[in-house]
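Dear colleague,

Please find below the structure that I am handing over to you. My notes on it follow directly after.

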Amino acid sequence: MQEFYEGYWEHRKDIDHLYSSRAPGRIIKTLEILDDHEISKILDVGCGEGTLGQMLSDEYQIVGIDISEQALQLADSHYDSTKQTNIEQDDLATTLDDEFDAVVCLELLEHVFQPQEVLQNIQSVIRRGGIFISSFPNFVFWKYRFDMLRGHPPQNYTLYSEAEHIQDYTMETFEMLL
């Protein structure tokens with residue numbers, strides 16, 4: 001899996017599809033949620049190029065983990081620390097030896113084979129009373145449906161590979177997973 005995501009991040013760099021100066025809506029919403037809570041320590045699971053870390057103020061201690069070394073090279077300067085981690089194989093409680101006030105897991109669960117086990121792994125590092133923020137891509141978004149009705153592939157919904165998303169979620173199936 002690591003080899004796949006090294007290729008993924010190489011591709012993202014090649015096509016200049018990094019969020020370094022712009023934040024997707026999911027990150028803006030995450031910032032709003034974090035601002036509404038008493039939080040000091042945050043874990044960003046699947047931190048990618050570090051957009052969340054870049055957008056957060058210095059008042060937070062933030063750790064970023066990702067499977068890709070290339071992603072972590074891009075993210076490193078935006079976090080207090082980063083660590084290469086395979087969320088499906090590495091025990092977070094042991095690997096990180098810490099608890100967090102908030103764990104953020106944006107657009108990650110669709111990439112894993114065992115999402116329930118990943119969630120249990122994540123839960124092991126959330127302090128009592130802490131929060132978990134997650135998101136998943138909405139491939140049935142009305143604009144995508146409209147594009148498809150017109151006979152076009154959805155605009156701005158591109159995948160590196162057809163194998164990139166292992167899981168597909170609707171609100172109902174995502175709620176059942178949680």
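D97 counts as exposed, because its relative accessibility is 66% and exposed means over 50%. Please note that the model is a predicted one. D97 lies in the loop between α5 (92-96) and β4 (100-106). Its phi is near 50°, a positive value in a residue other than glycine. Most residues other than glycine have a negative phi.

E107 also deserves mention. This residue is not a glycine, yet has a positive phi of about 55°. E107 is placed in the loop between β4 and α6 (115-123). With a relative accessible area of 19%, E107 is buried, because the term applies under 20%.

On the surface, a patch of negative charge is formed by D35, D36, D58, E59 and D80. One of these residues, D58, sits in the loop between α3 (51-55) and β2 (61-66). D58 is exposed, its relative accessible area being 79%.

As for the protein as a whole, its secondary structure consists of eight helices and five strands. Their order from the N terminus is α-α-β-α-β-α-β-α-β-α-β-α-α. Of the 178 residues, 44% are buried. Among contacts between residues at least 6 apart in sequence, 66% join residues at least 24 apart. The accessible surface of the protein is about 10,300 Å², and carbon and sulfur atoms account for 47% of that surface.

With kind regards

Definitions and conventions. Residues numbered from 1 in each chain as written. Predicted model: local features only at pLDDT ≥ 70, side-chain atom pairs only at ≥ 80, totals over all residues. Heavy atoms only, no water. Patch = residues over 30% accessible without salt bridge, like charges linked within 9 Å, V, L, I, M, F, W, Y side chains within 5 Å. Areas by Shrake-Rupley, 256 points an atom, 1.4 Å probe, with all protein chains shown as cover. Salt bridge = Lys/Arg side-chain N within 4 Å of Asp/Glu carboxyl O. Lys, Arg positive; Asp, Glu negative; His and termini not counted. Charge placed at Lys NZ, Arg CZ, Asp CG, Glu CD. Helix = DSSP H or I, 4+ residues; strand = E, 2+ residues; numbered from the N terminus. Buried < 20%, exposed > 50% of the residue type's maximum accessible area, 1.4 Å probe, protein only. Contact = heavy atoms within 4.5 Å.
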